[in-house]
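Subject: Structure handover and findings

Hello,

Here is the structure for you to look at. My notes follow below it.

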Amino acid sequence: MSFSEDKFKDHIKQVVKSTTYDSDRALTLEELKELAEGMGVSEREWGELMIKAEQTLNAALGHLKVENYTDAIHMAEEATSINPYIKDGNAILAQCYYKLGLVDKNDELLTKAGHYARMELKNDPLDSIALNVLSAVESIQKEGKFSKKTIRTVAYVIGALLLIFILLFMCTRTVSEDGAGQGSSGTPDQAMTRLTSTVNSTEAAYISAIERRNDIALELVGQVDDRSDRNELKESITDYDFDKIRKSEQRFRLALSEVKSNMDIDKEMSVRLQGGENRINSEKRRYQAAVATYNSTLESSDVEGDYEPIEARN
């Protein structure tokens, strides 16, 4: 382009400044053009600026498709800085921040996603991308899915479990070394301690696999148009009872089948959901095998500790 890079940057700076200090009345596209002309930008150069915005937004879409969300955000922000009214500009920004927020489990990114979705809806109240993002963000924020308090609590629990595991490992190792003359398998009590740890770890992995699948399904909630289907799927996830997994799974699968019968789920989402189901089935088999081994060993061994049979979650 014939005008300098500094002039291009000045144009963006003026746009940002104008919309920042008078957010209730953002400049119209025609006023932006007049502003650029006042800086010496010709009619042809203005047209090239608009083309530049389109090309930059297309580049953002390319990054979004390969899940390169950071670069997608950078390119989309540059495009909307040039032309705040570019079609789907804020919707793409909302989608980028939403997906990055899910990956990073970051409330601030989700808040930005909601902000840009609302900006897009001011220009186009029927924009489906913005509507879906805003619905999903509001659902997550209402549930406090990624709240700092929740994350902090989970971190404390994980830290405590890790500390307990390390202490159990050290104690078991010490006892094992002291009783090496009793055979390589150790005492019955030592065997039960190891089996208890295995049951606990496989149970945690099983629960984690269900939670990961449910998080993926929660993304689908924002894409569902039918209100009843959307509410039923959302409630089957948020009300999931891990003490009654079989009943909760039946409700979830019924809600998901209703959604699938009324809309076409994109290939990426289908693959992710199927992958989640595969992980659940795999971890469930490991957990059930660990419980069966524990109960079988308990029944056939003479142990002195307070060990009770375990009933697997179902």
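A word on the basis. This is a predicted model, with local features needing pLDDT of at least 70, side-chain atom pairs counting only at pLDDT 80 or more, and totals for chains, interfaces and linings using all residues. Residues are numbered from 1 along each chain as its sequence is written, and side-chain values use heavy atoms, with hydrogens and water left out.

**The chain overall**

The protein chain has 12 helices and 0 strands. Helices (H or I, at least four residues) and strands (E, at least two) are DSSP runs, numbered from the N terminus. Along the sequence the pattern reads α-α-α-α-α-α-α-α-α-α-α-α. The protein chain has 314 residues, and 36% of them count as buried. Buried means under 20% relative accessible area, exposed means over 50%, and partly exposed is in between (1.4 Å probe, protein chains only). Take the contacts in the protein chain with a separation of 6 or more: 65% of them are between residues 24 or more positions apart. Contact means heavy atoms within 4.5 Å.

**Helix pairs**

Two packed helices are described by the angle between their axes and the distance between the axes. Axes are lines fitted to C-alpha atoms, for helices over the stretch in contact, and angles run from 0 to 180 degrees between N-to-C directions.

Back to helix 4 (residues 69–82) and helix 5 (residues 89–104). Their axes come within 9 Å and cross at roughly 155°. Helix 4 passes helix 5 in a left-handed crossing. A crossing is left-handed if the near helix is turned anticlockwise from the far one by less than a right angle, and right-handed if clockwise. Helix 4 contributes Y69, T70, A72, I73, A76, E77 and T80 to the contact. Helix 5 contributes G89, N90, I92, L93, C96, Y97, K99, L100 and V103. By class, that contact has 10 nonpolar, 4 polar and 2 charged residues. Ala, Val, Leu, Ile, Met, Phe, Trp, Tyr, Cys and Pro count as nonpolar, Asp, Glu, Lys and Arg as charged, and the others, Gly among them, as polar.

Next, helix 2 (residues 29–38) and helix 3 (residues 43–65). Their axes come within 10 Å and cross at roughly 125°. Helix 2 and helix 3 are therefore oblique to each other. The crossing of helix 2 past helix 3 is right-handed. L29, L32, K33, A36 and E37 of helix 2 meet E43, W46 and M50 of helix 3. This contact of helix 2 with helix 3 has 5 nonpolar, no polar and 3 charged residues.

Helix 9 and helix 11 (residues 245–262) pack at about 25°, with axes 13 Å apart. That makes helix 9 roughly parallel to helix 11. Helix 9 passes helix 11 in a left-handed crossing. On the helix 9 side are Y206, I207, I210, R213, N214, A217 and L220. On the helix 11 side are I245, E249, F252, L256 and V259. The contact divides into 9 nonpolar, 1 polar and 2 charged residues.

**Single residues**

G222 sits in the loop between helix 9 (188–221) and helix 10 (227–238). G222 is buried, with a relative accessible area of 3%. Beyond its neighbours within four places in sequence, G222 is in contact with N132, S135 and A136. G222 and V133 are 89 residues apart in sequence, yet 6.2 Å apart in space, C-alpha to C-alpha.

Two backbone angles deserve a look. Most residues other than glycine have a negative phi. E67 is not a glycine, and has a positive phi of about 65°. E67 lies in the loop between helix 3 and helix 4, and is partly exposed at 45% relative accessibility. K105 also has a positive phi, near 50°. K105 is in the loop between helix 5 and helix 6 (107–123), and is partly exposed at 41%.

Best wishes

Definitions and conventions: Parallel < 35°, antiparallel > 145°, perpendicular 65-115°, else oblique.
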